[in-house]
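Good morning, and thank you for coming.

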Amino acid sequence: MNVQYASLLIAIPLITAFFVPLMKGLGEKAIKTYVLIITAIQAGIATWVFEEVYTTGKPIIVMAGGWRPPVGIDLYIGPFAALFVLIVALVSFLMAVFNFRAVKVEPIDKYAMLFLLLMLGATGMIATGDIFNLFVFMEITAITAYALTAYNKTGEAAEASLKYMVLGGIGSSFFLIGVALIYGATGTLNMAQIAQLAGNINPTVAQVALALVIFGLAVEAELFPLNAWAPDAYQAAPHPVTAMFSAFVVKAGIYALARILYLMSAVGTWKNILHLLIAMATLTVIVAEFSALRQRNVKRMIAYSSVSQVGLIGLAFALGTQAGVDAGVFQMINHAIIKVLLFLGVGYVAVQLGGAEIENFRGLGKRMPLTALGVTVGSMSAVGIPLFNIFWSKLRIILATVDAGYAWAAALVLGASVVEAVYYFRLVHAIWFTGEGERLRESAPLVAIMLLLIAIIVAIGIYPNYAWSLSQKAGNDIFNVAQYIKNVPLMGVGA
Amino acid sequence: MVSILKRSLAVIMLLIIGYWLAQGLSGIPFGQDKMLVGKYYLDNVIRQTGAINAVTAVVVNYRGFDTLGEVTVLFIASTGVGALLWAKRRERTAKTEGSIVLKTGIRLLTPFVILFGAYIFIHGHLTPGGGFPGGATIATAFLLLYMAYTMYEIPRRAFENTEGVAGMSYVIVALIGLAIGGYFLFDWIWQTWHFGVNNVGRILSGGFIPVIYTIIGIKVGTELSGIIDNMLREEVRE
Amino acid sequence: MNLLMVMLFAPLIAGFLAWLLDFKVIREVIGIIGASIPIGVLAYYYSTVTSESITYSLTVGGFTLGFHLTMLTWYFAVIASIVGIAMAFGMASTSKSSYDWLFALISFTGVLGVFLSSDFVGFFLFWELMTFGSFMMVLKRNRHESLKYFVLSIIGAYSMLVAIGIIYAKTGALDFNTVQKALRLDAMVGSISRGETALIYTLFLITFGVKAGAVPLHVWAPGAYSENDQSYTAFFSGALSKAGVYGFVLLYILMGAKLYTALGVFNNHLVFAYILAWIGAITVVVASFLAVLQEDIRKLFAYSSVGQVGYILLGLGIGTGLGFAGALFHVLSHAIFKSLFWLVTAAIILRTGKTRFEDLGGLAEKMPITFTMGLIAVLSLAGIPPMAGFASKWLLYEAAISAHMPLVAGAIFLGSGLAFAYVVRFLYAVWFGQRPSDLDDVKEAPLPLLIGMVILAIPNLVFGIAPGLVTGYFNRLFGDTIVGGNYFRLVTPTGTYNALLVTVILIFGLSIAGLIYIYGAKTRKIPVINTYQSGNPVTEEYNLSMRKNFYRPLAEALGFWLKYSWDRFYERLANLTEDFADWLREGFYNGNAQSYSWYLTIVLLILALWGVL
Amino acid sequence: MISAYYFGAISLVLIGLYAVLVKKNVLKMLIGLSIMETGVNLLLVSIGYIYGRSAPILSEGIGPNQAVDPIPQALVLTAIVIGVATTAMALSVAIILYQKYGTLNVEEIRRLRG
Amino acid sequence: MFAWKLVLEAIGMLIYATFIGFIFMGIERKAMARIQRRIGPPIYQPIIDTLKLLGKKESVSHGFIYDFGPVFALGASITALLFIPMGNFQLFSNNADLIVVAYLLEVPMLGIMLGAMSSGNPYSGLGVQRGLLTMVAMQLPYGLAIIALVQHWGTFKLSQLVALQQLQGWSITVPALALAFIVFDIVFQALLGLEPFDIITAPAEISMGPMVEYGGKQAAILFTQHAIQLFAETAFFAVLFLGGASNLLDLFLKQLLVLFIAIFVASIYPRFTIDQAAKFFWKWPTIIGIVAVLLTM
């Protein structure tokens, strides 16, 4: 099969999103089912792509319009992208199931479109091989996210959306300035070619450009102190969307950050940027964990936790070592799984019991035992308890961090993790050991999803070999820039 | 007091940032030829795409992916605005009609404005312009209608459907490229069919650029009109 | 499938099965079977392990998890397994919940894993598993105490993680053998600086100190031990706290040479060991004093546990072969007598439902077998020859004094006096004196619990009379004659102790006394409350037995010191942290979009300044 | 010395940012954002400019060597549209905000905090 | 082969010790009386008392442990006795060292307490409490004194201690050990249960404390135990600080000396309350003990 068919990853969500207006009259159920089917198809394609990439071991280069890079835009679906595109599709699929329960606010047809386009945006961001195209996909993701954040149309939602928008706007403007500088200095927008030419750029330009690009992406990647929008957006967005934010939107941002960071590693001030990122990531973890400590709203609490975990990923990526990147990718996978589980569980509770305040979680173990189990397993995993998946990635990250000579960062991050343990502990205790209540009926599909996710968490926790080998391949994809340049079939323009 | 302090602090900070940006930019000489890929485009654009406007060739053909994204972004904006401002029943609440000059002028001009918009996007591969400016021009016509008449409303349903169909058509064109040429967004009209090879510089050339620009023009026009429409109507509670 | 793995995971799997098949008897049977597999496997390996070590390795997630059964790890594993099986029997009586079985057995596997791991990853993994299991046991019963335990454990675990990270960064290895070699080499080369070595040492000190319950990291222990199923506490305090001790032993093995060269000596003592010895001594004194002053049976033994582990640390800190032998022996004896205590406590609580001394009394007649077991434990803990507790304590005395650590040895003296005081108090308040009238229909402990007790009581006697069994094993372990003599007679360079002879003469003495007793006048049994009272009537209504505030005078004498409390210190620290968290949260996430844009600008400014300057 | 175009572009960006930082009214902040975008677009275009050359429309008399770089122009086209989209979204959010809070003062729109 | 000689020696020593112990008890009472200008009972009075108690027709019991306590105490005292080298009789002292003996000397207390506690008498309980607290209080200086001694001589073996002292002079001739001696002597008052540390029995307050319930043969056993214990402890003292003894007479004189010091001290001081005792023990004796210990390092 022609590997160019991988472009369907972009085409399918697009065309189906455009189709939604035509089925406006069909009613809520129909549209949600439609989304479910589309995400399933997308997941199927992503699985095929994944198979293809991992069996051949070679990345798929989708060349739009048949132009070879750097003339045309290419999608570079290497081990990392293949893996994450799959995760994006699968998470979207699961959340499409959750939509049936969680989203009641009209207009569903618009929601469906935005939902599909959010998936598209993240897919594009992960797959693209062109820096300006990255900007475009980033904006697609961001604007969809703005709209979805405000989708509930409450004051809080709009407020969160506003904050997201202001910060995102500033970030993307400066990102674009950075892109402009890079273009001005190299004359190309293709990432591989930029990586080739990075060493020759005038050092001042390179410093400014790299700093600006990283700055812009750091806003999306929720690094402190650029993450002020994140908890609000997470809290206000519809529950499935929150899960998607946490599971792949922010991941796409942080991936882009890491990708560009490593592509530009020939730049003279690269080390300085790494130091700055490490400091920012460490602070991210600390501030977010402390902020979560006394949070009454569980959704917001988990949002903070998500921010901190992303900080951990950022830390891993900013180490500048192969081990760090591998560990970061591993953590990305694990984190995506547990955050989907957690936001699914919490969202479901919020839907059933009318709010995500901690009071609603009292006695949850008696009222909705399976959901409670899901939230519990997610929490325990987040804390890093063995037999659950995060344990391995956290261990990897800490080892890599100390190995790279940043023992202080590891110590601070772990210190903050103690705080994390405390608030998850409170949640688990509230769920199982306080409160009383009648048992409620739990939705079978959602329970099935939760059990599936629990099974995956435990499976990775007990037998992390497969996930780890995937992470290593994917990490190598990011870290090994020379290989990346070699994989992209650059035609001999200029260089 | 605090405000002044804050303002002056902001100014100082921004000046430092500005100095830094300027320092960076000074490494990129203004007005010098720094082209790398751009040169390739200029050299090959006519042969490879059949368009003499290199910008539109780049936009639609070489960097078609960006444009697809761009269309999507606008689509998102229209959807998003629609989603956010949605209410069970909404009506226009404007109280004052436009002046007679406006009303008469609009009545006369609307077809021409739309026609001009269409002209712009159809000639995208030849002259400056293209789908986006063209679409925007068309939307202007509807904006003017809204300004002039308090009761005017676009045929919303039809517009939304058009928007969707146009978007789908774009993707379908791209997918046909995938089917025929093996590449997504492949210019099958020019490169496979060689349609209009002898016509370079005239309207029936440029491969799929005019086709796509037409689609984009229609889409942008309906989308922007839709946004205007959404913003001008307010919720009505019984 | 490797037997080592079978043994390691048998409890875990049994725990899951017991959890899933939540039926009354099946659950208990599965649990007991799961818990008894390890001791079986270890017994099977006994002859092998004395000549060679058994290793096995797994590859998990890019890490190679190695396991090794050496003489040292065998010893620790056996202790854990004995206590584990006793725990299982105890739990069959006291625990009615599959939840308990699951987590108790998880922590069992965790402890075994900690002992058997031959690399840091496995060590850390099982360490966490063990902590997790035990934490869940507390969580079910008491939120506040479990939180304390949890936070301190996590701090400990993370300290270890950082330390492991540093070691990994410096040596590039995670398995014990390589690390040991690398660090030994580095002791000569000195590429790891003094500060870094001290840092690693401190981090490990925190980790193992928390688990062993060393002062001032002990605050979790009283709560966690007492707010638990007491049968499980037998394992918790008997075996799980030994993981911390094992950690310290490991520290010696892996880093001893490096720590010696980096930190030097003070007054002929290795500095790092000296610190450990003092921590141990302080732990002994502080915890024993607190134990004496407790009013709750569980709290008393909890503090006692902390204090006894202090002895072990002290022994390790002495740093001589004799000290090690004493410490390792005390690991065994503490495990068996303290677990026995906990099972006795479990029986008392099961049958009376009371935990405070003021509510108990006069149970010796009602639960004679349990009382006998309790007495054995008391004798062993108080260090009455010929019990296992005395043999190990004796070694510690010899070691401490002959290593010229007089003040530390003084702590042992004081500690054993205190230990004597609190066990007698336990005897008095629970078993003797006037029985509260609501305890008149108390029955003897159920059979499984008694089996558990007997399993623990036997080694107390056996290793008491034949301490040479254990020291002989140590001699083979160290490859050197640390403690000479035979099965019954211990000989150190400076002293001797013939346990059998002491036993024989004690029996001789007792028989003489017994003869006098038997040939004396006949006796008439009268009720306990029929006593000389100088006019105060003792009746059922007026219970004059002194149970509450038994050691009030001591508390008065210690008044000044009791004003300070580590517990309160930690509470205050926690409150400060929470306030800080609030301040940070409210200050940073203040809700104003404009402030947020300022943050962005500030970052830009930092970047700019970085670029400009 | 940098060129006036660059200078103008940077100035626009900074002016926009200043508005975001200082103005209390949400609409003014959004206008600031738009100004920033304009500045960025100007910067993009000016980077592609080459002295003495004309627009890259290769009709009569203008060969490949007489045209400026087409790429920045294409990029700007995209960037403008994205800017428009963002602005449209932002304005509709502002409409909701005004409906729900009755004000557009950013200091009073602070229900989500901490 | 069975060491018949040793066993015979042991039995002989036991009889001797019991007798001398009773005599010591008599001497104690007599001397105390003389100091207080009373005439006092004859020195064989304790023997007569004990025999009388044994001859009582019937004695009461509160249960098995109540009976077992005194028996255990006596047995433990005998055990302790037989591990101390007595002049030219080494007995079993090669098989147990200082620490073992020090522990064994404490065991009888447990027996007494077991018995005392198993009666429901509150005075017994009070006595037990006081006994334990005294023990806790004195343990630290006691330990320090022993540590100083062992550090100086470098051995735990009692027989070796004796030999070394014969060779190099008594312990108290060494300055540091003289300090230890002072400490030990203070502790010794408590060990013997004499003023100012007779808080345990405190006849005027709690009617003999632990012993309050006992009469008849149990009391007789306890008296015997006390006699043996008194002998053993004075001998222990002599062995530790006064150079042991080469024969029983030598030992007897030294024991007598120790006893008289104790009696004199006891008759001068009033009784401490228990918390005063604890504070006292943890102040001067401990400090002196630490000084002694540091001097011997």
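Two strands are said to pair if DSSP finds at least two bridges between them. Please keep that in mind, and note also that this is a predicted model.

With that definition, let me turn to a pairing that joins two chains. Strand β8 of chain C, residues 522-525, pairs with β1(E) in the parallel sense, over four bridges. Within this pairing, Arg524(C) stands opposite Val60(E) in β1(E).

The contact takes 64 residues from chain C and 70 residues from chain E. Which elements give two or more residues to the side of chain E that touches chain C? They are β1 (58-61), α3 (64-82), α4 (98-118), α5 (122-153), α9 (216-241) and α11 (274-281) of chain E. The most comes from α5(E), which gives 17 residues to that side. By class, the residues on the side of chain E that touches chain C are 39 nonpolar, 21 polar and 10 charged.

Chain E does not touch every other chain. Chain B and chain E are joined by no contact, and their closest C-alpha atoms lie 64 Å apart. No contact joins chain D and chain E either, with 54 Å between their closest C-alpha atoms.

Chain C, for its part, also meets chain B: seven residues of chain C are in contact with six residues of chain B. On the side of chain C that touches chain B, five residues are nonpolar, two are polar and none is charged.

Let me now look inside chain E, at a pair of helices. The axes of helix α1(E), residues 4-35, and helix α10(E), residues 248-268, come within 10 Å and cross at roughly 40°. The crossing of α1(E) past α10(E) is right-handed. From α1(E), the residues taking part are Ile20(E), Phe24(E), Ile27(E), Glu28(E), Ala31(E), Met32(E) and Ile35(E); in α10(E) they meet Phe252(E), Leu259(E), Phe260(E), Ile263(E) and Ser267(E). This contact of α1(E) with α10(E) has 10 nonpolar residues, one polar and one charged.

Chain C also holds an open sheet of three strands, in the order β5-β6-β7, with antiparallel pairing. Strands β5 (484-485) and β7 (496-498) of chain C stand at the edges with a single partner strand each, so one side of each has no neighbour in the sheet. Strand β6(C), residues 489-491, pairs with β7(C) in the antiparallel sense over three bridges. Here Arg489(C) stands opposite Asn498(C) in β7(C).

I turn next to the nonpolar core. Which residues touch the most other members of the largest nonpolar core? Of its 741 residues, they are Ile77(A), Val85(A) and Leu340(C). Leaving aside residues up to four places away in sequence, Ile77(A) touches Ala6(A), Val49(A), Val53(A), Pro59(A), Ile60(A), Val62(A), Ala82(A), Val85(A) and Ala127(A).

Finally, a residue in chain D. Gly52(D) lies in the loop between α2 (26-48) and α3 (70-101) of chain D. Is Gly52(D) buried or exposed? Gly52(D) counts as exposed, because it has 8 C-beta neighbours inside 10 Å, and the cut-off for exposed is 12 or fewer. The C-alpha atom of Gly52(D) is separated by 8.8 Å from that of Val68(D), and the two residues are 16 residues apart along the chain.

Conventions: Residues numbered from 1 in each chain as written. Chains lettered and ligands numbered in written order. Predicted model: local features only at pLDDT ≥ 70, side-chain atom pairs only at ≥ 80, totals over all residues. Contact = placed C-beta atoms within 7 Å. Axes fitted to C-alpha atoms, helices over the stretch in contact; angles between N-to-C directions. Left-handed = near helix turned anticlockwise from the far one by under 90°. Nonpolar A, V, L, I, M, F, W, Y, C, P; charged D, E, K, R; others polar. Buried ≥ 20, exposed ≤ 12 C-beta atoms within 10 Å, placed from the backbone. Core = buried A, V, L, I, M, F, W, Y, C linked by C-beta atoms within 7 Å.
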